[in-house]
Amino acid sequence: WVDVVIDDRLPTVDNQLVYCHSNDSNEFWSALVEKAYAKVYGCYEALDGGNTADALVDFTGGVSEPVDLLEGQMATDEASRNQLFERVLKVHNRDGLISCSIRATTVEDMEARLDCGLVKGHAYAVTDVRKVRLGHGLLAFFKSEKLHMIRMRNPWGEKEWSGPWSDSSEEWNKVSKSEREKLGVTVQDDGEFWMTFDDFCQYFTDLILCRLINTSYLSIHKTWEEEVMRGSWVHRQDPLRNRSGGCINHKTTFLQNPQYVFDVKKVEDEVLICLQQKEKRATPQEGKGENLAIGFDIHRVELNRKYRMHTAQQKVAGSIYINSRCVFLRKELKEGRYVIIPTTFDPGQQGEFLLRVFTDVPSDCKELTLDEPPQTCWTGMCGYPQLVTQVHVLNAEGLQGQDTNGAVDSYMIITCEGERVRSPVQKDTRCPNFDIKGLFYRKKPKEAIHIEIYNKNMIVDTFLGQVVLFSEPNERQEQHTLHLRDKGSRQDNDLPGMLTVRLLTSTTLTNI
């Protein structure tokens, strides 16, 4: 947040306000807020043709999600349209701000009025979202049919939608008088009007949902855990120190960008990620006022990764790349550890950014700054890693069924030189798909790697079997399918089940 101090002198022509003004000649709050906003960005000119999503974030501190109604085929796909309505309704009910517009493809299209009364290239505010009950009296009460409706306001205070469910249309006869009063339907050209959500998706092309993120523990609504990271893209010649590698199209430099690790601790969690670059409208002399094209990728990584990635991992999501100030992504992620790589589209570009990560439970988000384990005063005494090994446990088959339903609730533990990585529990299956990785910096290359599988029980977990592996230096993605064996003095005995594992080992610690 930025504190802005202004005086009450406002630009006028012929004693009339030049820019933002109210219908009430004694009301000045909107003009004063606009002046403060102009001061933040240097001048009134910097506000001309601004971005609605950026403005909503500036005034609320929320997170804006742009929705392309054309790309999502909302006009023709009823299932997607209904899902979108539920999202819009939820944002509105939680006091979020919503804006919409009809895309103007040419200069002539800007502010052009359509036959239905709507205006192209013009930002409308969504003021209400409802499921409207049709019918009258008791019939309406017991009738299950509800119409998805959305109310908008033209900031001009005039020029409304003239199609079905406009202010004076006959469709309102299908709704009881009490329901109309609840909706606040008025027959006057005040710029505010209702539409069905089907018609809305037919005419409008862009929708912006600005969620006011609730981080209060005292709220009855869903709360979010927020992590805020500040960083920058800085170009340097040394590949290990360069932090401006461009998007994934530039494979040799992509992983030289800043990297941020976070954990998803639930079986599945909705994650909101917002990448915001420093606004350049206030400093046009430094970059001609043009934003960089920015975006980010999310990679699923080893459960114990502590150092920067040097080879690409499993990409699970990615944002679009666009030269707007803010890029947003909403994604359902499974339990595990992930790395966010925020980038500019082209390598070598420099700028500052803000990364915000919202999860249901704390994600422990932090920047990965080190490329390998650091040398310390204890290195000479305790030794320094000679190898780095990535252990990727893919799946198991034919485990011994121990539960009443003949299946198992299995998990596995990778152990290497005293370090352990434990997987989440795979429930009710004898053929679990673990797909879990561990990364180990090894001081004793000849020491074995143990992978043990257990059945999760209420009191004591049951051992199902283990495999013992030895990884050779510079072993490249060798895949092994091995029989499970017993442990201790009975480790030569086979147990039911097979385990598939992939190993990757390098003598260069910055290779994985």
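Student: Is H122 buried or exposed in this structure?

Tutor: Buried means under 20% relative accessible area. This is a predicted model, and in it H122 has 6% relative accessibility, so H122 counts as buried.

Student: Which residues does UniProt list for "active site"?

Tutor: The unreviewed UniProt entry lists H122 and N154 under that heading. They are spread over 33 residues of sequence, yet they cluster in space, with a largest C-alpha distance of 8.4 Å.

Student: Where does N154 lie, then?

Tutor: Its loop is the one between strand 6 (146-153) and helix 5 (177-183). N154 is also buried, because its relative accessible area is 0% and the cut-off for buried is under 20%.

Student: How do I read contacts, and which residues is H122 in contact with?

Tutor: Set aside the neighbours within four places in sequence, and look at what remains. For H122, the contacts include C100, S101, I102, E111 and N154, along with P155 and W156. For N154, leaving out residues up to four places away, the list is V119, H122, Y124, K159 and G191.

Student: What joins the side chains of N154 and H122?

Tutor: A polar contact of 2.7 Å joins them. The H122 side chain also makes a polar contact with the side chain of E111, at 3.4 Å.

Note on methods
Residues are numbered from 1 along each chain as its sequence is written. This is a predicted model: local features need pLDDT of at least 70, side-chain atom pairs count only at pLDDT 80 or more; totals for chains, interfaces and linings use all residues. Side-chain values use heavy atoms; hydrogens and water are left out. UniProt positions are given in the numbering used here, feature names are shortened, and annotations may be inferred rather than shown by experiment. Buried means under 20% relative accessible area, exposed over 50%, partly exposed in between (1.4 Å probe, protein chains only). Contact means heavy atoms within 4.5 Å. A polar contact is a pair of N or O atoms within 3.5 Å; within protein, one must be able to donate a hydrogen and the other to accept it, and residues adjacent in sequence count only if both atoms are side-chain atoms. Helices (H or I, at least four residues) and strands (E, at least two) are DSSP runs, numbered from the N terminus.
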